[in-house]
Amino acid sequence: MDNEFLQTEEAIVNVLKTVFDPEIPVNVYDLGLIYKVDVDDDKNVTIDMTLTAPNCPAADFIMEDVRMKVESVEGVKSVVVNLVFEPEWNKDMMSEEAKLELGFL
């Protein structure tokens, strides 16, 4: 992997850390809602993500926020966000920082 590719991936992770569920004070990345980020050779990005609950009222808002922010990363050509529910999300998927912030530690 070249340095430019790694910089793009790092920039995507950084921007994902600015996306929040309006009801939870922790970003979607640290919540463990981002399952996969694929960047192809042409810098088209595909993201598999989930929600804390299948009936999340903010689902459309969160997914659009993810898409728009990742599209804003320099060099990214397109972004597809796939909503998946397998595996089912649980609190063990959160980062240590998220668990601490939400009082799970």
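Contact here means heavy atoms within 4.5 Å. Helices (H or I, at least four residues) and strands (E, at least two) are DSSP runs, numbered from the N terminus. This is a predicted model, where local features need pLDDT of at least 70 and side-chain atom pairs count only at pLDDT 80 or more, while totals for chains, interfaces and linings use all residues. Residues are numbered from 1 along each chain as its sequence is written, and side-chain values use heavy atoms, with hydrogens and water left out.

Start with α2, whose buried residues pack against α1 (3–16), β2 (44–49) and β3 (78–83). Those buried residues (under 20% relative accessible area; exposed is over 50%, partly exposed in between, with a 1.4 Å probe and protein chains only) are A59, I62, M63, D65, V66 and V70. Looking down the axis of α2, they fall within an arc of 155 degrees (taken from the directions from the helix axis to the C-beta atoms), so they line one face of the helix. Over on the other side of α2 sit D60 and F61, both exposed.

Now for α1. Its buried residues are F5, T8, I12, V15 and L16. They fall within an arc of 105 degrees seen down the axis of α1, so here too they line one face of the helix. Exposed N3 and E10 are on the face turned away from that buried side. The buried residues of α1 pack against β1 (34–39), β2 and α2.

Where do α1 and α2 meet? I12, V15 and L16 in α1 touch V66, K69 and V70 in α2.
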